[in-house]
Amino acid sequence: MSSSTDPLRQTPLHALHLELGARMVPFAGYDMPVQYPSGVMAEHHHTRTGAGLFDVSHMGQLRLLGPDAAAALESLMPVDVIDLPVGKQRYGLLLNDAGGILDDLMFVNRDYQHNGDVFVIVNGACKVADLAHIEARIGSRCEVIACPELALLALQGPQAVTVMQRLAPGIEKLLFMSGGRFSVMSQAQGTHQQIDIFATRSGYTGEDGFELSVHEKKADALARLLLAQPEVKPIGLGARNSLRLEAGLCLYGNDLDTTTTPVEAGLTWAIQKVRRSGGARAGGFPGADIVLAQLAGGDSAPKRKRVGLKALERIPVREHTLLQDTAGHPVGEVSSGLLGPTINEPVAMAYVLTGCAGPGTRLNALVRGKLVPMEVVAMPFVPTRYHRG
Amino acid sequence: MAIKYTEDHEWLDVDAGSATVGITHHAQDALGDVVFVDLPEVGKHFDAKEVAGVVESVKAAADVYMPVSGEVTEVNEALRADPSLANSDPLGAGWFFKVKLSEPSQLDALMDDAAYGAFSANT
């Protein structure tokens with residue numbers, strides 16, 4: 001499948017995936033499980049009803065250290081990094097000088113010692129370029145430390161909190177988009193070992209859940225301990241994609257790339273007031289003139305916008321499918337699309353001309369020479385169930 | 001009754017100048033949970049290797065090729081209504097369409113059970 005000559009990398013859970021009967025595929029340079037024997041559909045439904053365990057160790061984890069770390073990271077994103085309270089997590093966007101999105105990421109203020117400590121999780125396929133970008137732009141202002149020794153597991157679903165509370169009492173007090181250090185006791189093969197984790201209450205499924213950063217040497221023990229809980233089943237990348245699309249969450253490379261700005265992508269909620277025109281720290285990020293002008297609207301408003309679409313016939317409409325208005329004029333293209341297993345309808349994200357972006361707008365998708373009627377709808381497609389307290 | 005197989009992982013059950021066509025167990029396993037099928041129009045003629053249908057799972061879409069030239073005489077409406085039949089019974093209730101063969105000699109180029117077993121083990 002992969003034409004690359006580079007050997008695929010393996011996560012610390014690779015042997016476990018094989019043992020569980022996973023079907024492995026190349027993803028972001030890693031040999032990753034796309035599904036386990038129960039299949040994408042069952043895995044998707046399990047995550048919406050129980051607790052699903054995902055190996056997302058291909059993602060990049062890095063730390064920015066030093067008194068200027070938060071301000072330095074803030075200079076790369078249209079996001080309020082400086083005022084994020086200790087222990088809180090936020091969504092961020094690395095931009096290029098044209099306001100295009102280099103990557104989307106999550107960061108946590110871990111400045112417990114008041115020396116400056118920001119923990120960042122970036123996309124696996126972007127992590128090498130992100131690190132180079134961050135070092136080039138702010139490497140003189142803070143220490144930039146890649147953490148390839150860390151694995152990342154996600155436990156997602158309505159029963160995730162039940163499981164985590166059993167293993168790490170107190171973790172249930174975390175609210176959505178916050179994090180902290182916890183210890184889990186593992187008793188595999190009669191030996192006790194303490195597994196230290198950094199957990200955040202967040203994820204990529206629209207469900208309540210946790211992301212668990214753990215040393216690679218403890219990742220296998222932690223995953224086996226989680227899988228030994230009756231609520232937990234392993235979930236592959238296939239269901240991860242259908243879950244995130246139903247939740248209205250963007251996939252970098254499909255729904256976001258260097259040619260899309262945060263305004264086009266409908267991610268203006270990620271740009272806090274303090275970074276907008278008139279704010280105390282307005283601008284000062286790459287592409288600020290373009291992004292702030294797009295936000296102001298008028299002649300500078302973007303020509304296209306990301307929207308959610310539902311097909312009105314039971315026909316999946318996939319990425320790169322062209323879209324027309326009802327008069328037959330081209331208006332855009334699907335960026336992600338599939339039959340959503342929970343909503344049980346074909347759903348998609350697309351970029352369309354702003355005149356066609358209003359909810360209720362009827363469009364046609366050109367699928368194998370036939371027109372499939374679609375309607376612009378608000379996202380998420382499936383209500384999110386984050387634990388906001 | 002002779003089952004033949006193509007390199008694109010379709011099967012044909014040939015009976016007196018007609019054939020029932022579906023996708024193999026190997027094909028449905030590789031696709032995963034099938035959520036959608038697009039079936040050809042009844043009465044339409046296809047040449048061998050033309051795209052005659054589509055089968056989609058949550059994670060992928062694949063074309064279904066006409067294995068041999070001929071005219072579509074019937075499509076499986078039960079499969080259209082319940083695409084998961086392609087997973088649960090790919091060689092039976094999950095059949096796709098029936099075709100009246102216009103060049104039955106094309107069957108000679110297709111694989112038999114043993115040959116397909118060896119072929120699919122290596123793909």
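Trainee: To begin, which residue stands opposite B:Leu12 in strand 3 of chain B?

Mentor: B:Leu12 stands opposite B:Val21 in that strand. Please keep in mind that this is a predicted model, in which local features need pLDDT of at least 70 and side-chain atom pairs count only at pLDDT 80 or more, while totals for chains, interfaces and linings use all residues. Residues are numbered from 1 along each chain as its sequence is written, and chains are lettered from A and ligands numbered from 1 in the order in which they are written.

Trainee: What is meant by a strand here, and when do two of them pair?

Mentor: Strands (E, at least two residues) and helices (H or I, at least four) are DSSP runs, numbered from the N terminus. Two strands pair if DSSP finds at least two bridges between them.

Trainee: How many bridges link strand 2 of chain B and strand 3 of chain B?

Mentor: Strand 2 (residues 10-15) of chain B pairs with strand 3 of chain B over six bridges, in the antiparallel sense. Another of the facing residues is B:Gly22 in strand 3 of chain B, the bridge partner of B:Trp11.

Trainee: And what about the other partner, strand 9 of chain B?

Mentor: Strand 3 of chain B and strand 9 (residues 97-101) of chain B are also antiparallel, with four bridges. There, B:Ala19 stands opposite B:Val99.

Trainee: Why is strand 3 of chain B described as largely enclosed?

Mentor: Five of the six residues of this strand (residues 18-23) are buried, so it is largely enclosed by the rest of the structure. A residue is buried if 20 or more other C-beta atoms lie within 10 Å of its own, exposed if 12 or fewer, and partly exposed in between, with C-beta atoms placed from the backbone.

Trainee: In what order do the strands of that sheet lie?

Mentor: The order is 1-2-3-9-8-5 in chain B, an open sheet of six strands with antiparallel pairing. Its edge strands are strand 1 (2-5) and strand 5 of chain B, each of which pairs on one side only.

Trainee: Now the loops. Is B:Ala16 buried or exposed?

Mentor: B:Ala16 counts as exposed, because it has 6 C-beta neighbours inside 10 Å. This residue lies in the loop between strand 2 and strand 3 of chain B, and its phi is near 50 degrees, a positive value in a residue other than glycine.

Trainee: Where is B:Lys49, and what is its phi?

Mentor: B:Lys49 is in the loop between strand 5 (45-46) and strand 6 of chain B. Its phi is positive, about 75 degrees, although B:Lys49 is not a glycine. With 14 other C-beta atoms within 10 Å, B:Lys49 is partly exposed.

Trainee: Which residues of helix 6 of chain A are buried?

Mentor: In helix 6 (residues 216-227) of chain A, the buried residues are A:Ala219, A:Leu222, A:Ala223, A:Leu225 and A:Leu226. They cover an arc of only 160 degrees around the axis, which puts them on the same side of helix 6 of chain A. The arc is that of the directions from the helix axis to the C-beta atoms.

Trainee: Last topic: which residues does a cis peptide bond join?

Mentor: A cis peptide bond joins A:Met379 and A:Pro380, with omega about 5 degrees. A:Pro380 is in the segment after strand 19 (370-377) of chain A.

Definitions and conventions:
Expected span 1.5 Å × (residues − 1).
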